[in-house]
Amino acid sequence: MFDADPASRGLGVELVEAADGAAVARMWVTDTMINGHAIAHGGFVFLLADTAFALACNSWGPATVAAGGEITFVRPARLGDLLTATATERTRYGRSGIYDVTVTREDGAVVAEFRGRSRTLVDRPAPADAPTPEV
């Protein structure tokens, strides 16, 4: 899925790992991501968290999309910060799931907390070699 995501890759998001309902992605804050307050624009922080969320909920195989997501910004990120988004599955039930993502700076400080709600698509089956999760 990540290979087919030019939006995230084009903004410098890197996939660190993704498997079994979890994922880690990272991104450097560049000068084009800074807002008028000289901090990272929240939309870019959301994009990183949303990408980690997508990687986690698609790690099982079936095509899964966001049904919703919300973010709480805890502290600012600044130019040159390396942000890491760590996504963890909380629960899956039927075709729905809930995932939490924590975005941190290199110093370990939490920048944002994100919660995403997923929905597995019924018209897009998993690849033949995808694992079948236990629900």
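Which residues do ring pairs link into a cluster? Ring pairs join Phe-46, Phe-53, Tyr-99 and Phe-114. This is a predicted model, where local features need pLDDT of at least 70, side-chain atom pairs count only at pLDDT 80 or more, and totals for chains, interfaces and linings use all residues. Residues are numbered from 1 along each chain as its sequence is written, and side-chain values use heavy atoms, with hydrogens and water left out.

**View 1. The ring cluster, with a look at Phe-46 and Phe-114.** Rings of Phe, Tyr and Trp (its six-membered ring) pair if their centres lie within 6.5 Å; planes under 30 degrees apart count as stacked, over 60 as edge-to-face and the rest as tilted. By this rule there are three aromatic pairs. Take Phe-46 and Phe-114: their ring centres sit 5.2 Å apart with the planes at 70 degrees, so this pair is edge-to-face. Phe-46 belongs to helix α2 and Phe-114 to strand β6 (residues 110-120), so the pair ties together parts that are 68 residues apart in sequence. Helices (H or I, at least four residues) and strands (E, at least two) are DSSP runs, numbered from the N terminus. Phe-114 is buried, at 3% relative accessible area, while Phe-46, at 27%, counts as partly exposed. Here buried means under 20% relative accessible area, exposed over 50%, and partly exposed in between (1.4 Å probe, protein chains only).

**View 2. Helix α2 from end to end (residues 42-57).** The expected span is 1.5 Å times one less than the number of residues. Buried residues in α2 include Val-45, Leu-48, Phe-53 and Cys-57.

**View 3. The largest pocket and its lining.** A pocket is an open set of points on a 1 Å grid over the protein atoms alone, where a 1.4 Å probe fits, with protein on both sides within 12 Å along at least five of seven lines; lining residues have an atom within 4 Å of a point. This one has a volume of about 200 Å³, taken as the space filled by probe spheres set on the points. Of its 13 lining residues, Met-1, Asp-5, Asp-50, Thr-51 and Ala-54 lie nearest the centre. Helix α2 gives the most, with six residues, and both α2 and β3 (64-73) supply at least two.

**View 4. Strand β4 between β2 and β5.** Two strands pair if DSSP finds at least two bridges between them. β2 (residues 22-28) and β4 (residues 82-93) are antiparallel, with seven bridges, and nine bridges join β4 to β5 (residues 96-104), also antiparallel. Follow Ala-87 across: Ala-23 is its bridge partner on one strand, and Val-101 in β5 is another. Thr-86 stands opposite Thr-102 in β5. Two residues separate the strands in the β4 and β5 hairpin, where Gly-94 takes a positive phi near 60 degrees.

**View 5. Strand β5 and its hairpin with β6.** β5 is mostly covered, with seven of its nine residues buried. Nine bridges join β5 to β6 in the antiparallel sense, and Ile-98 stands opposite Arg-117 in β6. Five residues lie between the two strands, and Gly-108 in the turn has a positive phi of about 90 degrees.
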